[in-house]
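Try each task on your own, then follow the solution step by step.

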Amino acid sequence: MAKDGSEHSSRMGINTRLAHSGNNPHDYFGFVNPPVVHASTVLFRDAASMAARSQKYTYGTRGTPTTDALAHAIDALEGSAGTIVVPSGLAAVTVPLLAFVSAGDHLLIVDTVYHPTRNFADTMLKRLGVEVEYYAPDLGASIAALIKPNTKVVFTESPASNTFEVQDIPAIVKAAHAAGAIVMMDNTWATPLYFRPLDHGVDISIHAATKYPAGHSDVLLGTVSANETCWKHLYESFCTLGCCAGPDDVYQVLRGLRTMGVRLEHHQRSTLAIASWLEGQKGVARVLHPALPSHPDHDLWKRDFSGSSGIFSIVLAGGGQKQQHAFLDALQIFGLGYSWGGYESLAVPVWLGDRVVAKAPYEGPLIRLQIGLEDVDDLKADISRGLTAAAAA
Ligand SMILES: Cc1ncc(COP(=O)(O)O)c(C=O)c1O
């Protein structure tokens with residue numbers, strides 16, 4: 001194996017690549033991890049090199065050995081031409097959108113998108129003159145009917161936030177590219193371990209690295225990876241916006257990446273055990289997890305994804321907010337908190353009031369669960385407490 005883990009990397013197993021990608025220890029005296037470079041100023045040797053900007057690093061906002069180490073590791077996982085590292089997952093959504101849409105452009109966004117993405121589109125992008133339209137997650141190839149001459153970007157997120165519908169990404173890509181539009185995908189749920197968007201024709205892959213890459217609920221970070229066609233413009237826009245991440249956070253995410261494979265295997269195993277157990281529990285009308293054969297998009301998920309992560313939702317069999325709150329308040333291990341992907345289990349009430357087309361009727365209130373690294377039997381006992389409380393409410 002090459003000392004920086006880059007050569008032959010696509011032939012090696014995922015955990016080997018996670019352990020060695022990104023940096024070459026021998027660039028820094030053999031220390032296994034890269035240095036955490038705290039930098040604004042970068043010195044030039046002379047006026048000529050300053051005028052020509054003829055050195056690798058020129059200013060702290062544009063990249064450092066620390067950000068490069070993470071970006072190269074992500075490129076190795078995503079198969080991308082380049083990756084920018086930004087201060088949050090939300091910035092990983094807003095920066096590429098700002099880079100690629102302009103006043104007068106039409107932007108298609110899946111209706112089941114992460115709510116703050118919708119909020120950004122409905123407020124800032126609309127104010128800047130962008131025409132925003134939401135589409136149903138099950139459109140697939142028929143998204144062609146919504147594409148207009150001024151459609152610049154189709155923004156996908158699959159599986160969906162909160163309700164976990166799976167989109168036919170290759171079909172959407174084909175329709176978008178035929179009309180000259182590019183496709184962005186928020187791939188946070190699967191991580192590049194279980195879905196590689198660029199292999200399916202997506203132009204820009206987005207991650208809230210806050211979640212599984214960081215893995216410990218203590219860092220906010222985002223990554224945006226582009227194919228050859230979009231990389232130069234993405235990087236220039238990133239430099240224009242000055243939206244760079246702090247070095248300590250970047251380092252923490254590279255550190256988290258080393259163990260992401262083993263953590264995800266555990267999340268996957270426990271989540272599937274709990275999700276399929278939940279299907280047989282009284283008080284549960286439906287389990288919304290695409291890796292379960294009962295899920296309407298299971299075949300699509302199986303065709304394109306190589307694994308599943310740790311969040312899904314349940315639909316209670318009847319009731320309303322009272323039962324939903326009773327369930328949540330009875331939990332002793334699951335914390336009530338939004339930012340998932342850490343080692344600990346979480347539960348949140350799902351609110352679908354922002355949706356304009358994907359308003360499937362559900363039998364009762366929805367609760368989203370993130371299954372952490374705790375023992376499955378303890379988590380099942382906690383969920384049982386919630387179901388008992390909901391039934392009594
Ligand atoms: C799908 C998805 N994308 C993006 C984000 C934003 O990430 P961050 O919390 O780092 O801003 C989240 C956060 O929950 C998310 O669930």
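A pocket is an open set of grid points with protein on both sides within 12 Å along at least five of seven lines, and a volume is the space filled by probe spheres set on the points. Please keep in mind that the model is predicted.

**Exercise 1. The second largest pocket**

Find out how much space lies in the second largest pocket, and which residues lie nearest its centre.

Solution. 
- Step 1: start with the volume. The second largest pocket holds about 470 Å³ of space.
- Step 2: go to the lining. There are 27 lining residues, and Arg62, Gly63, Thr64, Thr67 and Asp68 lie nearest the centre of this pocket.
- Step 3: ask which elements contribute. Helix 3 (65–78), strand 1 (82–86) and helix 8 (228–241) give two or more residues to the lining of the second largest pocket. The largest share comes from helix 3, with five residues.
- Step 4: sort the lining by class. The second largest pocket is lined by 13 nonpolar, ten polar and four charged residues.

**Exercise 2. The largest pocket**

Describe the largest pocket by its volume, its lining and the classes of its residues.

Solution. 
- Step 1: the volume of the largest pocket is about 690 Å³.
- Step 2: its lining counts 36 residues, and those closest to the centre are Tyr114, Pro116, Ser161, Trp340 and Arg368.
- Step 3: at least two lining residues of the largest pocket come from each of helix 4 (89–100), helix 5 (115–127), strand 6 (204–208) and strand 11 (346–349).
- Step 4: split by class, this lining has 20 nonpolar, ten polar and six charged residues.

**Exercise 3. The cavity**

How many cavities of 30 Å³ or more does the structure hold, and which residues line the largest cavity?

Solution. 
- Step 1: the structure has one cavity of 30 Å³ or more. The space in the largest cavity is about 40 Å³.
- Step 2: list the lining. Ile74, Leu77, Glu78, Pro192, His207, Pro213, Thr223, Leu257 and Met260 surround the largest cavity as lining residues.
- Step 3: assign them to elements. Helix 3 and helix 9 (247–278) give two or more residues each to this lining, and helix 3 has the largest share, three residues.
- Step 4: by class, the lining of the largest cavity has six nonpolar residues, two polar and one charged.

**Exercise 4. Helix 6**

Which residues of helix 6 are buried, and what covers them?

Solution. 
- Step 1: in helix 6 (residues 169–178), the buried residues include Ile169, Ala171, Ile172, Val173, Ala175 and Ala176.
- Step 2: among the elements that cover these buried residues are strand 3 (131–135), strand 4 (151–157) and strand 5.
- Step 3: look past the helix. Glycine 180 follows helix 6 and has a positive phi, near 80°.

**Exercise 5. Leucine 198**

Is leucine 198 buried or exposed, and which residues is it in contact with beyond its neighbours within four places in sequence?

Solution. 
- Step 1: find leucine 198 in the loop between helix 7 and strand 6.
- Step 2: the relative accessible area of leucine 198 is 14%. Buried means under 20%, so leucine 198 counts as buried.
- Step 3: leaving aside neighbours within four places in sequence, leucine 198 is in contact with Glu78, Gly79, Ser80, Asp203, Ser205, Ser225, Ala226 and Asn227.

How values were computed: Residues are numbered from 1 along each chain as its sequence is written. This is a predicted model: local features need pLDDT of at least 70, side-chain atom pairs count only at pLDDT 80 or more; totals for chains, interfaces and linings use all residues. Side-chain values use heavy atoms; hydrogens and water are left out. Buried means under 20% relative accessible area, exposed over 50%, partly exposed in between (1.4 Å probe, protein chains only). Helices (H or I, at least four residues) and strands (E, at least two) are DSSP runs, numbered from the N terminus. Contact means heavy atoms within 4.5 Å. On a 1 Å grid over the protein atoms alone, a cavity is a set of points where a 1.4 Å probe fits but cannot get out, and a pocket is an open set with protein on both sides within 12 Å along at least five of seven lines; lining residues have an atom within 4 Å of a point. Ala, Val, Leu, Ile, Met, Phe, Trp, Tyr, Cys and Pro count as nonpolar, Asp, Glu, Lys and Arg as charged, and the others, Gly among them, as polar.
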